[in-house]
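Colleague: I am new to this structure. Please pick one part and take me through it closely.

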Amino acid sequence: MVRLFILGLLLFSLEAKIIDGIAILVKEQPITLYDIEEQMREYGQDQQSAVDILIRKKLEENEARQRHISASSQEVYAEIEKIAAQNRLSVSQLYDAMYSSKRLTQSEFKDKIKEKVEHDKLFRAIASSKIKVASDNEAEDYYHLHKSEFSHPEYFDVIVYQAPSQELLNSKRVNPMFHDSSIKMQELQLRYNAIDPRFAAILNETEDNHFTQVTPSPQGGYMTFLLMRKGEVITQDFSSVKNQIMSVIMKKREEQILDDYFSRLQINADIKIIRLPNTI
């Protein structure tokens, strides 16, 4: 009898600890105190923003289950290959880049890509029948209201440094006078329209005489760019950016449809707030 009583106390204590770790229940699916604290830490969000995002994520997961939406390993790998190609990297170099920049292991990175693929499939299922195609007039109005978004330097003068290790290039970034025979350098002029738009955006945000982050090189090893100067700022004409503007408008409309959809779901969802980190 005493043993049973002690065992009961131990089980009750264990259950209490488990419950203590739960902050919110969304349709009986738990969000833990740790989840909230980790969301706040990783993305620099305040508590309310972190809670809102995690609740939304749980609602999306539940909706995906109800619609039988999932991502196969082939779909996940295809998305990884696409991301690698967009960044002019091999898949293994992309894995290295994710670990060096975000400390994500290969398995963790695949999990995030799986979430993204499922997220995209769910959004298409919800929004595809409700979204209105943007007109040429709407695109022109957007262009004139956001002209600065389509202005950029004509070119970037850079020095490319390549080395077999990140440590060597980080030393170079900290001290430009640092020299090592294994660091190779090359002066280049990169035309804005000839490079990946995301890389162009990185260079555009980099100040003159400053380095970009160290990243894996397509040729092997690592690389960083020292931005020497930017060319004259030019504004693209409407015809050259029309498709880009159409995509932006459609993306915003899709996001609005989805925000409205999940806002309505949240109002009617069974959500129980048990405790939040700052109430401990």
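Colleague: Let us take helix 6. What covers its buried residues, and which elements supply residues of the lining of the largest pocket?

Modeller: Keep in mind that this is a predicted model. Helix 6 covers residues 106-127, which makes 22 residues. From first C-alpha to last it reaches 31 Å, close to the 32 Å expected at 1.5 Å a residue.

Start with the buried side. The buried residues of helix 6 are Phe-109, Ile-113, Val-117, Glu-118, Leu-122, Phe-123, Ile-126 and Ala-127. An α-helix has 3.6 residues a turn, so residues three or four places apart point the same way. What covers the buried residues includes helix 3 (47-66), helix 4 (73-86), helix 5 (91-102) and helix 10 (238-268).

Now the cores. The largest nonpolar core has 23 residues, and Ile-24, Ile-31, Ile-36, Ile-55 and Phe-262 touch the most other members. Helix 6 supplies at least two residues of this core, as do strand 1 (22-26), helix 2 (33-43), helix 3 and helix 10. Helix 3 gives the most, six residues.

Then the pocket. The largest pocket holds about 1,400 Å³ of space. Its lining has 32 residues; Tyr-43, Lys-57, Glu-61, Lys-112 and Glu-115 lie nearest the centre. Helix 2, helix 3 and helix 6 each supply at least two lining residues. The largest share, ten residues, comes from helix 6. By class, the lining has 17 charged, eleven nonpolar and four polar residues.

Notes. Residues are numbered from 1 along each chain as its sequence is written. This is a predicted model: local features need pLDDT of at least 70, side-chain atom pairs count only at pLDDT 80 or more; totals for chains, interfaces and linings use all residues. Side-chain values use heavy atoms; hydrogens and water are left out. Helices (H or I, at least four residues) and strands (E, at least two) are DSSP runs, numbered from the N terminus. The expected span of a helix is 1.5 Å times one less than its number of residues. Buried means under 20% relative accessible area, exposed over 50%, partly exposed in between (1.4 Å probe, protein chains only). Contact means heavy atoms within 4.5 Å. A nonpolar core is a set of buried Ala, Val, Leu, Ile, Met, Phe, Trp, Tyr and Cys residues joined through side-chain atoms within 4.5 Å. On a 1 Å grid over the protein atoms alone, a cavity is a set of points where a 1.4 Å probe fits but cannot get out, and a pocket is an open set with protein on both sides within 12 Å along at least five of seven lines; lining residues have an atom within 4 Å of a point. Grid points are joined across faces, edges and corners, and a volume is the space filled by probe spheres set on the points. Ala, Val, Leu, Ile, Met, Phe, Trp, Tyr, Cys and Pro count as nonpolar, Asp, Glu, Lys and Arg as charged, and the others, Gly among them, as polar.
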